[in-house]
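Colleague: I would like to learn how to read a structure like this one. Please start with the terms and then show me the case.

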Amino acid sequence: MNNNVRPDTMERITTKELADKFIAEQVESVRAQVGDNKVLLALSGGVDSSVVAALLIKAIGKQLVCVHVNHGLMRKGESEQVIEVFGKELDANLIYIDATDRFLDLLKDVAEPEKKRKIIGGEFIKVFDEEAAKLEGIKFLAQGTIYPDILESDGVKAHHNVGGLPEDMEMELVEPVKLLYKDEVRVVGSALGLPDSMVYRQPFPGPGLGVRCLGAITRDRLAALREADAILREEFDKCGLAGKVWQYFIAVPDFKSVGVRDDKRYEGWPAIIRAVNTTDAMTATIEEIPYDVLHKITARITAEVEGINRVLLDLTPKPIGTIECE
Ligand code: XMP
């Protein structure tokens, strides 16, 4: 039997009861697989790796070593949430690496989108590799592979996760959610007690804000992007759009225009709002954001974010645009 194929008889996990049953089975099977060995996990804070972490903590506790690499391109509060939830609440064996300077130094003056992606992906593997080399006796590598990753790995869609790890790592894989669809992973995550803000997160690309800070990334423009994005998310939460829109974010391009603030000339970057709906990310339509919400977001971003003096709305569907704006 190919254990990468979901059996037809496998029931879709839609309730807490079914999730609890799945968790109990996986706890047993992980324990049987790893014995008293240690397991390493790259914990990005995304839905899949977070659910795997919570499941493995339940199964093997401190035998799990989680490594969270902050590449400096996370959204506001994300690394802090990983530390709070896993380091403190779940008392995980968590290694936190703030590699912001490494990434931003390497990305300095690099404007070409693919080159930026390659640098971020390559450096991620390097940092993770260095950490793994410092640890002794690790025989297993846990991954948040989910069923669509297996279905799509046949070349239909290039797998472009930054978390792709070095192939020469000689470790056996532990992939407890590999037969689950995303909605099931979320139900399991909730049953494991993870907060909704982690379990129902919108998709976020592995290279993070790096693909939304257009052109060559600078620290000041990245900081402006992070703040503006946090305001957009807050306002979408408040007006109920957060639960309705598939993906929404800010992109900040690398040019300035003249504005006026406090009766003085104020040059700043524009913040571009993008909010799209899709089912499979292959095509996407634009969400119609009510004008009062747009005005509120604009007022807050221009008043609260240093360096931003305009707010623009991207109305481009996919195709012709991509979902990301890079
Ligand atoms: P595009 O921009 O290609 O994006 O229309 C389609 C979906 O994929 C997400 N995306 C990524 N996800 N690693 C990821 O895990 C990546 O490198 C990456 N790049 C894009 C994007 O956010 C959208 O949901």
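Modeller: Helices (H or I, at least four residues) and strands (E, at least two) are DSSP runs, numbered from the N terminus. Here, Lys-21 and Glu-25 both sit in helix H1 (residues 16-34), four residues apart, about one turn of the helix. Residues are numbered from 1 along each chain as its sequence is written, and side-chain values use heavy atoms, with hydrogens and water left out. This is a predicted model, in which local features need pLDDT of at least 70 and side-chain atom pairs count only at pLDDT 80 or more, while totals for chains, interfaces and linings use all residues.

Colleague: What does Lys-21 form with Glu-25?

Modeller: Side chains of opposite charge can pair when their charged atoms come close. A salt bridge is a side-chain nitrogen of Lys or Arg within 4 Å of a carboxyl oxygen of Asp or Glu. Lys-21 and Glu-25 form one, with their closest N and O atoms 3.8 Å apart. The whole structure has 29 salt bridges.

Colleague: How much confidence does the predictor have, and where does pLDDT stay under 50?

Modeller: pLDDT is the predictor's confidence in each residue, from 0 to 100. The protein has a mean of 94, and 95% of its residues reach 70 or more. Over residues 156-163, pLDDT stays under 50. Where pLDDT is low, the predicted coordinates should not be read in detail.

Colleague: Which domains are assigned?

Modeller: Domain bounds come from an automatic or database domain assignment. That assignment gives domain 1 (16-199) and domain 2 (212-313), whose C-alpha centres lie 28 Å apart. With contact meaning heavy atoms within 4.5 Å, 14 residues of domain 1 are in contact with 14 residues of domain 2.

Colleague: How much area do domain 1 and domain 2 bury, and how many salt bridges are counted between them?

Modeller: Buried area is the accessible area (1.4 Å probe) that two parts lose on being put together, summed over both. For these domains the figure is about 1,200 Å², 52% of it on carbon and sulfur atoms. Three salt bridges are counted between domain 1 and domain 2. Helix H4 (residues 100-107) supplies the largest share of the side of domain 1 that touches domain 2, four residues.

Colleague: Where is the cis peptide bond?

Modeller: The bond joins Lys-318 and Pro-319, with omega about -15°. Pro-319 lies in the segment after strand S11 (308-313).

Colleague: And what is the backbone value to note at Asp-91?

Modeller: Phi of Asp-91 is near 50°, a positive value in a residue other than glycine. Asp-91 lies in the loop between helix H3 (78-89) and strand S3 (93-98).
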